[in-house]
Amino acid sequence: MNKLLNFLIFPLAFFENHQLGTGVSRCIVFSEANAHREQSFSLHCNETLLEEFSMYCWLPFHGDMSLMQKDSLCDWNKVIRSYNTLTICMQHVTEMLSCYYPNPKVQDFFLQIHSQYFQNCTEEEEEVFTDPPEAVVLTLIIVPVCLIPVLVTLVVWKSRIREQE
């Protein structure tokens with residue numbers, strides 16, 4: 001009964017307080033300086049409700065993704081609007097529940113989204129550099145190592161010449 005009540009109350013509170021697509025978001029940067037904020041937000045954050053209310057963000061996204069063809073899921077230009085709406089929605093939900101953004105629950109949510117919809121989307125890898133042949137590596141190491149004693153000798157020799165003058 002409690003879950004049903006949450007699902008009925010959430011849309012009213014959400015759409016009354018926030019407009020989707022405003023592009024306004026608030027993000028807390030993780031650092032040692034903000035550790036106290038993270039702790040204070042986590043004390044007031046209701047993670048159970050966060051998981052439940054994330055379904056309100058996921059449902060429209062899922063609807064958009066299910067209408068796309070499988071090969072279109074990897075085309076960022078076709079996915080970006082729905083993905084952006086999902087992101088903004090999750091930011092509003094976390095803000096409404098006094099949670100910080102991003103947090104581990106939201107990160108897990110997005111990891112689940114990525115594994116469900118974008119699992120087969122890999123970019124073509126650029127040519128990976130291979131190790132050079134051993135002869136090249138040895139030459140690049142030995143030449144500077146051998147030059148150091150020569151340069152030290154040259155500096156000492158020049159300093160002796162100046163002392164003699």
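In this predicted model, helix 3 (residues 47–67) packs against helix 5 (residues 104–117) at an angle of about 25 degrees, with the two axes 11 Å apart. Because angles under 35 degrees count as roughly parallel, helix 3 and helix 5 are described as roughly parallel to each other.

**Packing of helix 3 and helix 5**

- Helix 3 passes helix 5 in a right-handed crossing.
- On the side of helix 3, the contact is made by E47, L50, E51, S54, W58, F61, H62 and M65, while helix 5 contributes K105, V106, F109, I113, Q116 and Y117.
- Sorted by class, the contact of helix 3 with helix 5 comprises eight nonpolar, three polar and three charged residues.

**The largest pocket**

- The largest pocket holds about 230 Å³ of space, and of the 15 residues that line the pocket, K70, L73, Q116, Y117 and N120 are the closest to its centre.
- Helix 3 and helix 5 are the elements that give two or more residues to the lining of this pocket.
- By class, the lining of the largest pocket is made up of seven nonpolar, six polar and two charged residues.

**The loop between helix 4 and helix 5**

- Y101 and P102 are joined by a cis peptide bond with an omega of about -10 degrees, and P102 is placed in the loop between helix 4 (76–96) and helix 5.
- S98, which also lies in the loop between helix 4 and helix 5, has a phi near 60 degrees, a positive value in a residue other than glycine.

Methods
Residues are numbered from 1 along each chain as its sequence is written. This is a predicted model: local features need pLDDT of at least 70, side-chain atom pairs count only at pLDDT 80 or more; totals for chains, interfaces and linings use all residues. Side-chain values use heavy atoms; hydrogens and water are left out. Axes are lines fitted to C-alpha atoms, for helices over the stretch in contact, and angles run from 0 to 180 degrees between N-to-C directions. Helices (H or I, at least four residues) and strands (E, at least two) are DSSP runs, numbered from the N terminus. Angles under 35 degrees count as roughly parallel, over 145 as roughly antiparallel, 65 to 115 as roughly perpendicular and the rest as oblique. A crossing is left-handed if the near helix is turned anticlockwise from the far one by less than a right angle, and right-handed if clockwise. Contact means heavy atoms within 4.5 Å. Ala, Val, Leu, Ile, Met, Phe, Trp, Tyr, Cys and Pro count as nonpolar, Asp, Glu, Lys and Arg as charged, and the others, Gly among them, as polar. On a 1 Å grid over the protein atoms alone, a cavity is a set of points where a 1.4 Å probe fits but cannot get out, and a pocket is an open set with protein on both sides within 12 Å along at least five of seven lines; lining residues have an atom within 4 Å of a point. Grid points are joined across faces, edges and corners, and a volume is the space filled by probe spheres set on the points.
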